[in-house]
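Subject: Structure for your review: salt bridges

Dear colleague,

Please find below the structure that I am handing over to you. My notes on its salt bridges follow.

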Amino acid sequence: MKKLIFFLLTFFSLVTVHAQMVVMREMSMAGGNSANSAALNMSSQKNIIENLGSSGGYTSLVMAIQSADLIELLQKEGPYTFFAPSNESFTKFMQADIGSTDDDKKKLSYLIKSHIVSGKFDVDALTKMIKEADGPVSLTSLSGEVLQVTKKGKKIIVTDAKGKQSTVVTSNLEQSNGVIHIIDKVLTQ
């Protein structure tokens, strides 16, 4: 009996260690950054704003969404594809370019909507569209900005109307009302 208990304890300890190693490896492969760490806290049962707010890794973005009065929009059914800037890139942007006037609020709303498109486009769907188009795919954001989506190697690149490019660093974060792809730069500045 003691041998069986010892075996079971050893087995469950090894399974636990293995699971922790898998999570650490996934984070490492994904860059090990806070965007990827926060992504592990997301649930496909929650909507975009619930996940961004509860994950802890997108505080600047969530504050901006709230300041721009877009909370309600991102709680709606959608579906939406949100090319969400990493917290680091959005924090830098917020410190440099946004004030608190009504005009600034409109600019912020426009900026955030420029990162959101109607429809759910995971990486497989984007890749298929790019392949069928034999090149860049145009997606119109909620602000009316046209985003060009291309693929370079295995990376998805999003380019705004001004030619600024951003790379998807974490993809396919399933939401109850769409999908989030974390990008490394704020677009349409």
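In this predicted model, Lys105 forms a salt bridge (a side-chain nitrogen of Lys or Arg within 4 Å of a carboxyl oxygen of Asp or Glu) with Asp69, and their closest N and O atoms are 2.7 Å apart. The two residues are 36 residues apart and belong to distant parts of the chain: Lys105 sits in helix α7 (residues 102-113), and Asp69 in the loop between α4 (59-67) and α5 (71-75). Helices (H or I, at least four residues) and strands (E, at least two) are DSSP runs, numbered from the N terminus. Asp69 counts as exposed, at 53% relative accessibility, while Lys105 counts as partly exposed, at 35%. Here buried means under 20% relative accessible area, exposed over 50%, and partly exposed in between (1.4 Å probe, protein chains only).

A further salt bridge joins Lys120 to Glu174, with 2.5 Å between the closest N and O atoms. Lys120 lies in the loop between β2 (116-118) and α8 (123-133) and Glu174 in strand β6 (residues 165-175), so this pair ties together parts 54 residues apart in sequence. Lys120 is partly exposed at 40% relative accessible area, and Glu174 is partly exposed at 30%.

Asp184 and Lys185 also meet through their side chains in a salt bridge, at 3.7 Å from N to O. Asp184 is partly exposed at 29%, as is Lys185 at 36%. The count comes to three salt bridges.

Residues are numbered from 1 along each chain as its sequence is written. Local features need pLDDT of at least 70, side-chain atom pairs count only at pLDDT 80 or more, and totals for chains, interfaces and linings use all residues, while side-chain values use heavy atoms, with hydrogens and water left out.

Kind regards
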